[in-house]
Amino acid sequence: MNDITKTAHNATGLEGVVKIDELPWIDIGVGDNAIKVLRVCPETQQHTILIKAPAGQVNQRHIHSGPADFYVIEGEIEYRGGTIKKGDWAYEAAGSLHEATSHPKDTLYLANIYGPRSEEHTSELQSRETI
C-alpha cells in the first residue's frame, strides 16, 4: 500500500468532520480496489479507510503489523474467519496472517488498521510459495 499520509486530505488532525462524499476514490493498485482515506496517524500509520471492492476481487494474503477491524456496509467478504456480511464486524489480532480475501459481491467496508501493513512479511510469504 502507498504512503497514505501523502494521499489524504488533511486527515492527520486530532478531531474533525470528514465529508466522505466529497473525497475522491483512490486507486491503490490492488486489482480494482479503491479507498477513501478518512484519517491517518503519521507517527503510527494507524488509519481509517473506506474500501470499495468489486465483485470477484481477490486480495492476496498479507500480515498487518497491528490489529485491524472491519465493518461491512454493503456486500460481503470471504476470508479464513468465515463470511462477513452487511452489518457484520470482524477483528484481527496484531501479526495475524490475513489470508487471501475474496469479495463475491460489490463490497463497501470501513477498516481501522492499527499500524502499517507488513510488506516485508508479505514478500517473504510470497517467495515461500514459489519455491
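Predicted model: local features only at pLDDT ≥ 70, side-chain atom pairs only at ≥ 80, totals over all residues.
Leaving out residues up to four places away in sequence, Asp 106 touches Ala 53, Pro 54, Ala 55, Glu 74 and Gly 75. The residue is placed in the loop between S11 and S12. Is Asp 106 buried or exposed? Its relative accessibility is 56%, so Asp 106 counts as exposed, the cut-off being over 50%.

A polar atom of the Asp 106 side chain lies 2.8 Å from the backbone nitrogen of Ala 55. Then display Glu 74, which is 32 residues from Asp 106 along the chain; the C-alpha atoms of these two residues are separated by 7.4 Å.

With a relative accessible area of 1%, His 103 is buried, because the term applies to values under 20%. Which residues is His 103 in contact with, leaving aside its neighbours within four places in sequence? They are Ala 53, Pro 54, Ala 55, Gly 56, Gln 57, Asn 59, Glu 76, Ile 77 and Tyr 109.

The following stop is strand S3, residues 47-53. Of its 7 residues, 6 are buried, so the strand is largely enclosed by the rest of the structure. Select strand S12, residues 107-113, together with S3: the two pair in the antiparallel sense over 7 bridges. In this pairing, Lys 52 stands opposite Leu 108 in S12.

S2 pairs with S3 in the antiparallel sense over 6 bridges, and Lys 36 stands opposite Leu 50 in S3.

Finally, show the whole protein chain. How many helices and strands does its secondary structure contain? There are 1 helix and 13 strands, and from the N terminus on the elements run β-β-β-β-β-β-β-β-β-β-β-β-β-α. Of the 131 residues in the chain, 40% are buried. Among contacts between residues at least 6 apart in sequence, 67% join residues at least 24 apart. With the surface displayed, the accessible area comes to about 7500 Å², and 51% of this belongs to carbon and sulfur atoms.

Methods:
Residues numbered from 1 in each chain as written. Heavy atoms only, no water. Buried < 20%, exposed > 50% of the residue type's maximum accessible area, 1.4 Å probe, protein only. Helix = DSSP H or I, 4+ residues; strand = E, 2+ residues; numbered from the N terminus. Pairing = 2+ DSSP bridges. Contact = heavy atoms within 4.5 Å. Areas by Shrake-Rupley, 256 points an atom, 1.4 Å probe, with all protein chains shown as cover. Polar contact = N/O pair within 3.5 Å; in protein donor to acceptor, adjacent residues only side chain to side chain.
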